[in-house]
Amino acid sequence: MSYSHPFLRSLALGTLLTLTLLSFAAAPPVETEEMKRNRLLISQLADRDWAVRDAAEKQIVAMGFQAVPLLRRAAGSPDPEVRRRAMRLLPGLEHALLVQPKRYTFSVVDQPISKLIEILKKESGYKIESNLGLITNPPGPDGKVVPGERKFTYHFKDATWWQIVDRINADVPLQAPANYGDDTVRFYRANGSSISSAFVGYDGGFRYVANSFSMSRNVEFGVKPEVGGSRSESLLLSMTLYSEPHMPFLGVDQPRLEIARDDLKGSMVPLPNPTDGDNTGGRVITRRYYGSSYKQPTVQVSLPLAAGAVGAKRLALVKGVIPVTLLAAQRPVVITEETAKAKDLKKDIEGIEFHIREVKTLPNNQIQVQINVTNKSNPTDYNLMNTIYQRLELFDSKGVKFQNYGSSWGGGGAGINLTLTFGNFNGKMGPPAKMVFHHWETRTHEVAFELKDVPLP
């Protein structure tokens, strides 16, 4: 067929071009060799030969963290054997991926501290606020101070978050992170409690610090003078545990002590206490739960020890694990897009009912929200009661978050009567709009610690 008219020729060419583009758009993506290999491994998980199935599983495990997306797809396979193996392997790999520290490689050359914070914010993806202020130059060898802002040079390669923070802390002493119940990292210059210490260690994305020793001696007198009294002595090592910002703590259990000895090779592992939980091989194994489930960047730990040998000067080695509960993931769910007009609104979110009873505008640009929360699906979930104020957020129409100024609540069990007060910092924010509730996914983990040559009291 020929087209003599110019318009018909143009129309035909346009149609041909459109069909060509559509054919390209509809073409399936090219399968790479890696994709073929992964598809084969997944199919081999259902092979009739158990040796082939086990070999494929070992190859997937050897892939490490790269196997996580592969196994997530395999968990939805129609084959029951593939699903079983994928769902058995996934939890361990996902957990290891969660606690694996992020690593950073970047340089800052002759820049003020504000530039370093700006780069760290971009590299990490964390919300970071710096209140370090102007850092002036230190005195030189002659005692004179060069006017102007101090400049810094850092070269980080595969450094973890806490290695970077400790490097900054060596130049600009930082204050221990405060708990505001949100996901913002705040850098303050130390004028109170500092994160610095001579005894610091790391385990993956966690940092632990030995703070101090405390010792007490007691004498309990007998009922009769001739009975005499009993003497006791206790020794506690105080520690602080820090987590990376993306996985804050919700609680901490009593540490499990594996090794503790002084510089004279005397054991400092406490003797088993029959009333203090299970004990095995001299190790203290208790399961007391601390932390009240609040989201927090640090937790305090007290490690009980036995007195060392007479004349011992140092705790030569102490080693063990600290069981913690982590906030692994947060999933936001919108309660309402119009909080200002949400009086008497009820919304059920997976068995938790939210009833907004009143929304008030208070003086000083504050918003008060009175809300009833009823946990219909799990009435005995006290974790929800303890953390509900941290899991509700309020935004204006532009997505700017109001600051939570405090809360009060009553009730118990399944029902909570909650009053939240939110602040409007500069008075320029719009009226309250979106209210969001965060579902929390938690994980338990054991942080390994090891400290050496700690001076005894």
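The axes of helix α6 (residues 113-124) and helix α7 (residues 161-171) come within 13 Å of each other and cross at roughly 175°. Axes here are lines fitted to C-alpha atoms, for helices over the stretch in contact, and angles run from 0 to 180 degrees between N-to-C directions. Helices α6 and α7 are therefore roughly antiparallel, a term for angles over 145 degrees. The contact (heavy atoms within 4.5 Å) is formed by Ile113, Leu116, Leu120 and Ser124 of α6 together with Trp161, Ile164 and Ile168 of α7. By class, this contact has 6 nonpolar residues, 1 polar residue and no charged residues. In this scheme Ala, Val, Leu, Ile, Met, Phe, Trp, Tyr, Cys and Pro count as nonpolar, Asp, Glu, Lys and Arg as charged, and the others, Gly among them, as polar.

The structure is a predicted model, in which local features need pLDDT of at least 70 and side-chain atom pairs count only at pLDDT 80 or more, while totals for chains, interfaces and linings use all residues. Residues are numbered from 1 along each chain as its sequence is written, and side-chain values use heavy atoms, with hydrogens and water left out.

The protein chain has 8 helices and 21 strands, taken as DSSP runs numbered from the N terminus (helices, H or I, at least four residues; strands, E, at least two). Of its 457 residues, 39% are buried, that is, under 20% relative accessible area with a 1.4 Å probe and protein chains only; exposed means over 50%, and partly exposed lies in between. Among contacts between residues at least 6 apart in sequence, 68% join residues at least 24 apart.

The structure also holds 2 cavities of 30 Å³ or more. A cavity is a set of points, on a 1 Å grid over the protein atoms alone, where a 1.4 Å probe fits but cannot get out; lining residues have an atom within 4 Å of a point. About 370 Å³ of space lies in the largest cavity, the volume being the space filled by probe spheres set on the points. Its lining comprises 25 residues, of which Pro177, Thr184, Val185, Pro245 and Pro297 lie nearest the centre. Helix α7 and strand β4 (184-188) each supply at least two lining residues, and β4 gives the most, with 5 residues. By class, the lining of the largest cavity has 14 nonpolar, 6 polar and 5 charged residues.

Asn364 is placed in the loop between β16 (352-362) and β17 (366-375) and is exposed, with a relative accessible area of 66%. Asp453, by contrast, belongs to strand β21 (residues 432-455) and is partly exposed, at 41% relative accessibility.

Asp348 lies in strand β15 (residues 345-349) and is partly exposed, with a relative accessible area of 45%. When residues up to four places away in sequence are not counted, Asp348 touches Glu353 and Lys376. The C-alpha atoms of Asp348 and Thr374 are 9.1 Å apart, with 26 residues separating the two in sequence. Val146 occupies the loop between β2 (127-131) and β3 (152-160) and is exposed, with a relative accessible area of 56%. Val146 and Thr136 are 10 residues apart along the chain, and their C-alpha atoms are separated by 8.4 Å.

Terms used. Angles under 35 degrees count as roughly parallel, over 145 as roughly antiparallel, 65 to 115 as roughly perpendicular and the rest as oblique. On a 1 Å grid over the protein atoms alone, a cavity is a set of points where a 1.4 Å probe fits but cannot get out, and a pocket is an open set with protein on both sides within 12 Å along at least five of seven lines; lining residues have an atom within 4 Å of a point.
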